[in-house]
Amino acid sequence: MMPPALQGFLVSLPTEAGAPIQGWPQYEAVGDAAVWFHGYLAHPAPLRATLNLSPSASFGQIVEAGLRRWQTDTVEHIIGEYAAVVVNGPDAVLIGDRMGLRPLYYAARPSGTVVSTDLAALARETQAWRDVDDEYLADLFSTGMHLGPHTPYRGIRRLQVGQFATCNAGRPRLRGGWRPTTDPIDEGFGAHQELLRETVEGAVAGALSADGAQAVELSGGLDTSTVLAAATGMAPVAALSFIHPGYPGSDESAWMKAALETTPASWHPIDAAEHGTFTAGPELGVFLPAPTRRIINWAPSAAQEAVGRDLGLSTLLTGEGGDAVFFAGLLPWYLADLLRTGQLLQLRRETLRWSAESGLGRSAAFWLRRAALEGRRRWRRGRTLALQPSAHIAEAAPWLRRDYVEGHDLQRRAQVTTTIRAQTVHGQAVVENVLRGAEFARSRHQFPAATYELRHPLLAPPVIDLALATPWNIAVDPRVDRAVQRYAFAGLVSEQVLRRRSKPIADEAMLHGFERHPRWREFLGERPELVERGYADTGAWTDALRATGRIGAVAQFYTAIQIEIWLRHLHHAGAPALLTGASGAVRR
């Protein structure tokens, strides 16, 4: 029987001296090293020249040479979305792109460490699927995502943002980690517009592939419209969109058409009423590596993949991360920085300006209390600046058992932030938003398309670094959010889209999707794993299923559904299919 297809690679690094290293697929020999590589590198030609490599040198050769040249700083020099394992004698290096957009997972066992870019394969080969990780699930129940090193499985971890690992005799040692320390760029508003335009265009150029057809996900919002405008100036691209006819609260067709009038591209709309949320499932018949949105979006994802396959796509660009790097809806947390650094006169002027110009009808005292005092308090205590969680998790997710909520401290989890720290309160808010955008982008690689790659140019390190280096007086304007983006891309992006001040969410269409497919309610209410495992109360969960969208928060409800379906599909993992022989072995 043929083993299941791998998304990337899987490598077993044994502890026993002299034992062969096993890897799938076959490694690439680079000098004395064996290299496994998955993903892509942005702008590889300058890297080849810098590293004195052949113009035809592979991505694996670039990473191997980069590690020899830059060592611990390699992720700062080699940009892209990738993960790699480089083995040289008894030593191995595990490395990925700085933002971890192509996650690298590892399972440390007594016999050695197994590393993979494919969470499903790693869970199957190590049988880690039999033991779920309560820490990971508790974070999902509280905020919908986990930003740390945990995975859904107790026996599997992942490299964190900016981390790499050295491995000697099969024992991993974690090193590095992202430390956002970019100094502000002290330039005027016009100079920052030019910087932003150049940086985004460079990131999009780096994400476009050298061959094959290419497309952009176009939602009608500013971010995807910006990516589309940048891409069409460099290569022929198509636009893929989901439209929601019949659901005006979710449909953005008019905005998509406005974007395409300014940036003409071949448009391929997908009817989300026909290929909507909850249309497929709930029994999907396959192993699901993690509880993600793909579970409830199985049909729309399949429809998008079918369009991509028909177009012969090799690359699909997204707008993920745009809210973070373009400062969408960011509160004036810089007021907290003025307070903590003793710039009280400036603080007074800014609170008065927000009172007069924000259009929200809030007093200067409100901004002092809400952004300056509360921001300083949250920053000092390591509380989130990105989310506005419910005052009580019991209100957002009333189906969860009270003893589970208290025993796993879900209320505290909803308030704490990442351990990655910026030097300012304003910078910390940007970092948090970036990490959440990166986590969502990362989750989309759990179920990759078979024929094309998803790439996320707005989460490229140069774009993130520029966002962190943009001073508060440029980044945040009480009169309009995303001010730099709106001005920087004037003339390239549709003026109608640039003047947009709001963006609908798809909750209306999603809730109707759940109501249209009652088999989901029946399946979720029949001996639910959430109840069997002590997470949810039987009666409260049944009530939530009957009153969809009217009990608790919609986001928490979707998260609970994803976890339930994932748990019900664990048994599809199967037996190990690779770690049974010596295929692809490397002698040390």
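How many bridges join strand β5 (residues 80–88) and strand β6 (residues 91–96), and in which sense do they pair? The two strands are antiparallel and share 6 bridges. Before we go on, a word on the model: it is predicted, so local features need pLDDT of at least 70 and side-chain atom pairs count only at pLDDT 80 or more, while totals for chains, interfaces and linings use all residues. Residues are numbered from 1 along each chain as its sequence is written, and side-chain values use heavy atoms, with hydrogens and water left out.

Two strands pair if DSSP finds at least two bridges between them.

Strand β1 (residues 10–14) is largely enclosed by the rest of the structure, because 5 of its 5 residues are buried. In a regular strand, side chains alternate between the two faces of the sheet. In β1, Leu10, Ser12 and Pro14 point one way, Val11 and Leu13 point the other way, and all are buried.

β1 pairs with strand β8 (residues 112–116) in the antiparallel sense over 5 bridges, and Ser12 has Val114 of β8 as its bridge partner. β1 also runs antiparallel to strand β2 (residues 22–24), to which 3 bridges join it. There, Val11 stands opposite Gly23.

**Cavities**

A cavity is found on a 1 Å grid over the protein atoms alone, as a set of points where a 1.4 Å probe fits but cannot get out; its lining residues have an atom within 4 Å of a point. Grid points are joined across faces, edges and corners, and the volume is the space filled by probe spheres set on the points. The structure holds 3 cavities of 30 Å³ or more.

The largest cavity has 18 lining residues, and Gly100, Leu159, Gln160, Val161 and Arg442 lie nearest its centre. Helix α17 (residues 425–443) gives the most to this lining, with 3 residues. Domain 1 (10–176) and domain 2 (189–326 + 432–499) both give residues to the lining, so the largest cavity lies between them. The domain bounds come from an automatic or database domain assignment.

About 90 Å³ of space lies in the second largest cavity. Its lining has 13 residues, and the closest to its centre are Leu196, Val325, Phe327, Thr470 and Val484. Two or more lining residues come from each of α6 (189–207), α18 (461–469) and α20 (483–488), and α20 gives the largest share, 3 residues.

Ala, Val, Leu, Ile, Met, Phe, Trp, Tyr, Cys and Pro count as nonpolar, Asp, Glu, Lys and Arg as charged, and the others, Gly among them, as polar.

| Cavity | Volume | Lining by class |
|---|---|---|
| Largest cavity | about 170 Å³ | 7 nonpolar, 6 polar and 5 charged residues |
| Second largest cavity | about 90 Å³ | 9 nonpolar, 3 polar and 1 charged residues |

**Backbone details in the loops**

Two cis peptide bonds are worth a look on screen. One joins Trp24 and Pro25, with omega about -10 degrees, and Pro25 is in the loop between β2 and β3. Another runs from Gly281 to Pro282, with omega near 10 degrees; Pro282 is in the loop between β14 (266–271) and α9 (298–311).

Positive phi values in residues other than glycine come next. Gln71 has phi near 50 degrees and is found in the loop between α2 (59–70) and α3 (74–77). At 53% relative accessibility, Gln71 counts as exposed. Asp409 has phi near 55 degrees and is found in the loop between α15 (402–407) and α16 (410–413). With a relative accessible area of 34%, Asp409 is partly exposed.

Conventions: Buried < 20%, exposed > 50% of the residue type's maximum accessible area, 1.4 Å probe, protein only. Helix = DSSP H or I, 4+ residues; strand = E, 2+ residues; numbered from the N terminus. 1 Å grid on protein atoms, 1.4 Å probe; cavity = no way out; pocket = protein on both sides within 12 Å on 5 of 7 lines; lining within 4 Å.
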